[in-house]
Amino acid sequence: MKGITGFLLGIIATVVVMAVAVLTFGPSMMIHEHLSPMGLDDTVNQIVENAKAEGWVVAGVKPLDQAIEKKGGKPVLAVRLIDLCEPHHASTILSVDDARFVSVMMPCTISVYEKEDGNIYIAHMNAELMGQVFGGVIAEVMSGPVTEQQNRFVDFAHNM
């Protein structure tokens, strides 16, 4: 009986430790955030230029803060959403029925925003981790070329 109790307590302890780890580190693992060395507009423009240089299509830059206020929400600090798509990567994933569900994350979005400290930040999905979670063709595309290119879009913020 003691052996079973110890075993069950071990399993429960492991589950608790894993849950705490996921809650503590999960958000920072799924989303990368970088301090930008530039102002809002310059940061957005640099990302747009870098993405276009990599062959990505910039579907748009949305001023989320302005849209929120226009629709009756309370004013918030500046937030710009840059919608990006690389047609070859997208078609590789979307041509596979079992991978098409990942279209919910398309286009790729990079967020540029101001925080109360007055600094500008960049946030983007950890494409490598997301690819590894899904596996298959999604992993091939997201964990490979998407990750490499996305990192180059925001490289100027890494080299501060």
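**Exercise 1. A residue in helix α2**

Thr43 is found in helix α2. The model is predicted.

Solution. 

**Exercise 2. Salt bridges**

Task: state how many salt bridges the model has. Then work through three of them, starting with the partner of Glu54.

Solution. 
- Step 1. Count. The total is 5 salt bridges.
- Step 2. Take Glu54. Its partner is Arg152, and the closest N and O atoms are 2.7 Å apart.
- Step 3. Glu54 lies in the loop between α2 (40-53) and β2 (57-63), and Arg152 lies in helix α6 (residues 136-153). The two are 98 residues apart, so the pair links distant parts of the chain.
- Step 4. Check accessibility. Glu54 is partly exposed at 22%. Arg152 is partly exposed at 41%.
- Step 5. Take Lys62. A salt bridge joins Lys62 to Asp83, with 2.7 Å between the closest N and O atoms. This pair also links distant parts of the chain: Lys62 is in strand β2, Asp83 is in strand β3 (residues 79-85), and 21 residues separate them.
- Step 6. Compare the two ends. Lys62 is partly exposed at 45% relative accessibility, whereas Asp83 is buried at 8%.
- Step 7. Take Arg100. Arg100 pairs with Asp97, the closest N and O atoms lying 2.6 Å apart. Arg100 is partly exposed, with a relative accessible area of 35%. Asp97 is exposed, at 59%.

**Exercise 3. Helix α4 against α6**

Task: find the angle at which α4 and α6 pack, name the handedness of the crossing, and class the contact residues.

Solution. 
- Step 1. Read the geometry. Helix α4 (residues 87-94) packs on α6 at an angle of about 170°, and the axes are 9 Å apart.
- Step 2. Name the arrangement. Angles over 145 degrees count as roughly antiparallel, so α4 is roughly antiparallel to α6.
- Step 3. The crossing of α4 and α6 is left-handed.
- Step 4. List the residues. His89, Thr92 and Ile93 come from α4. From α6 come Val137, Ile138, Val141, Met142, Pro145, Val146 and Gln149.
- Step 5. Class them. The contact of α4 with α6 has 7 nonpolar, 3 polar and no charged residues.

**Exercise 4. Helix α5 against α6**

Task: repeat the analysis for α5 and α6: what are the angle and the distance between axes, and which residues make the contact?

Solution. 
- Step 1. Read the geometry. Helix α5 (residues 127-134) and α6 pack at about 175°, with axes 7 Å apart.
- Step 2. Name the arrangement. The helices α5 and α6 are roughly antiparallel.
- Step 3. List the residues. Helix α5 supplies Ala127, Glu128, Gly131, Gln132 and Phe134. Helix α6 supplies Gly136, Ile138, Ala139, Met142, Ser143, Val146, Thr147 and Gln150.
- Step 4. Class them. The contact of α5 with α6 has 6 nonpolar, 6 polar and 1 charged residues.

**Exercise 5. The whole chain**

Task: state how many helices and strands the protein chain has, and what pattern the chain follows.

Solution. 
- Step 1. Count the elements. The protein chain has 7 helices and 5 strands.
- Step 2. Read their order. Along the sequence the pattern is α-β-α-β-α-β-α-β-β-α-α-α.
- Step 3. Of the 160 residues, 34% count as buried.
- Step 4. Among contacts with a separation of 6 or more, 66% join residues 24 or more positions apart.

Conventions. Residues numbered from 1 in each chain as written. Predicted model: local features only at pLDDT ≥ 70, side-chain atom pairs only at ≥ 80, totals over all residues. Heavy atoms only, no water. Salt bridge = Lys/Arg side-chain N within 4 Å of Asp/Glu carboxyl O. Helix = DSSP H or I, 4+ residues; strand = E, 2+ residues; numbered from the N terminus. Buried < 20%, exposed > 50% of the residue type's maximum accessible area, 1.4 Å probe, protein only. Axes fitted to C-alpha atoms, helices over the stretch in contact; angles between N-to-C directions. Parallel < 35°, antiparallel > 145°, perpendicular 65-115°, else oblique. Left-handed = near helix turned anticlockwise from the far one by under 90°. Contact = heavy atoms within 4.5 Å. Nonpolar A, V, L, I, M, F, W, Y, C, P; charged D, E, K, R; others polar.
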